[in-house]
Amino acid sequence: MVNAQTFPYKVIGSSLGMVDRMPYLPLTLSLNDRSVKTEGLLDTGASVNVLPYELGLELGLIWESELLSVLLSGNLAQFEARAVVVDAQISSFPIVNLAFAWTQSSKVPLILGQANFFFEFDVCFFRGRSELEIRPKQN
Amino acid sequence: MPEAKMGSDRTLSSALRRGDSSMPLTELMSQIQELPKIDKLRLMQFLATELVKEEDQNIFVANQEYPIWSPYNCSEAANVLMNLLATKQQDQNG
């Protein structure tokens, strides 16, 4: 069994009162020969993973080459999105394939949602101590 | 010398228990001075929490937009992503 890794919540601003830190997870995304170190917001309410536009470009994705459209909701509904798959590594865990809705919005954070991030990882949130624990899913 | 030490036998806790909301701030402060260190720290924590609560009430402003980026209830998008993932993984496995 793989041991869980603990990560602290990220402080996002001191002017936000009690909600001044959020569960952002550091990870490395890779596609072909490119890789980008980034961080994703763990969003259990999100149906899908979301990749912001600029990050997709950094990974070498070409908008015109990705032809599979997906429809998103909320503020993201106004932007086109395409389905893409990239490799992701978290801590020292084995690399996994993550499917993303690659949106044309650059304002959105990298979102890690149910499909398929939470299909791949078990996560415990400890809001009281502003930490989270994560490990690959246990079969 | 603080007023509370000059003869007042009222303690902060007893005043609070009575719900004495008319206690002047100067008297309150003098009684706070008598508190043990741990209670002063608890009081600081209490006041900090109260201030945050007041701030929170002012987070939202009328007629201003607050974006919700989370893609809720996008089951169709999730199906598209999972089908694409299955196809890619089949290709990878030969």
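The radius of gyration used here is taken over C-alpha atoms, and the globule rule it is held against is 2.2 Å times the number of residues to the power 0.38. For the 139 residues of chain A, that rule puts a compact globule near 14 Å, and the chain comes in at 15 Å, which agrees. This is a predicted model, in which local features need pLDDT of at least 70 and side-chain atom pairs count only at pLDDT 80 or more, while totals for chains, interfaces and linings use all residues. Residues are numbered from 1 along each chain as its sequence is written, with chains lettered from A and ligands numbered from 1 in the order in which they are written.

Along the principal axes, the C-alpha atoms of chain A fill a box of roughly 45 × 40 × 25 Å. Buried residues (20 or more other C-beta atoms within 10 Å of their own, with C-beta atoms placed from the backbone) account for 33% of chain A. Its secondary structure comes to 2 helices and 12 strands, counted as DSSP runs numbered from the N terminus (helices H or I, at least four residues; strands E, at least two). From the N terminus on, the order reads β-β-β-β-β-β-α-β-β-β-β-α-β-β.

One piece of this is an open sheet of 3 strands in chain A, ordered 1-12-11 with antiparallel pairing; strands pair if DSSP finds at least two bridges between them. Strand 1 (5–8) and strand 11 (121–126) of chain A sit at the edges with a single partner strand each, so one side of each has no neighbour in the sheet. Strands 11 and 12 (residues 131–136) of chain A are joined by 6 bridges, and A:Phe126 has A:Glu131 as its bridge partner in strand 12.

Turning to the interface, the contact takes 28 residues from chain A and 22 residues from chain B, where contact means C-beta atoms, placed from the backbone, within 7 Å. On the chain A side, the elements giving two or more residues are strand 8 (81–89) and strand 9 (96–103), and strand 9 gives the most, with 3 residues.

As for confidence, the model scores ipTM 0.89 and pTM 0.72. Chain B has a mean pLDDT (the predictor's confidence in each residue, from 0 to 100) of 76, and 69% of its residues reach 70 or more. Over residues 1–9 of chain B the pLDDT is below 50. Where pLDDT is low, the predicted coordinates should not be read in detail.

Definitions and conventions
Contact = placed C-beta atoms within 7 Å. Buried ≥ 20, exposed ≤ 12 C-beta atoms within 10 Å, placed from the backbone.
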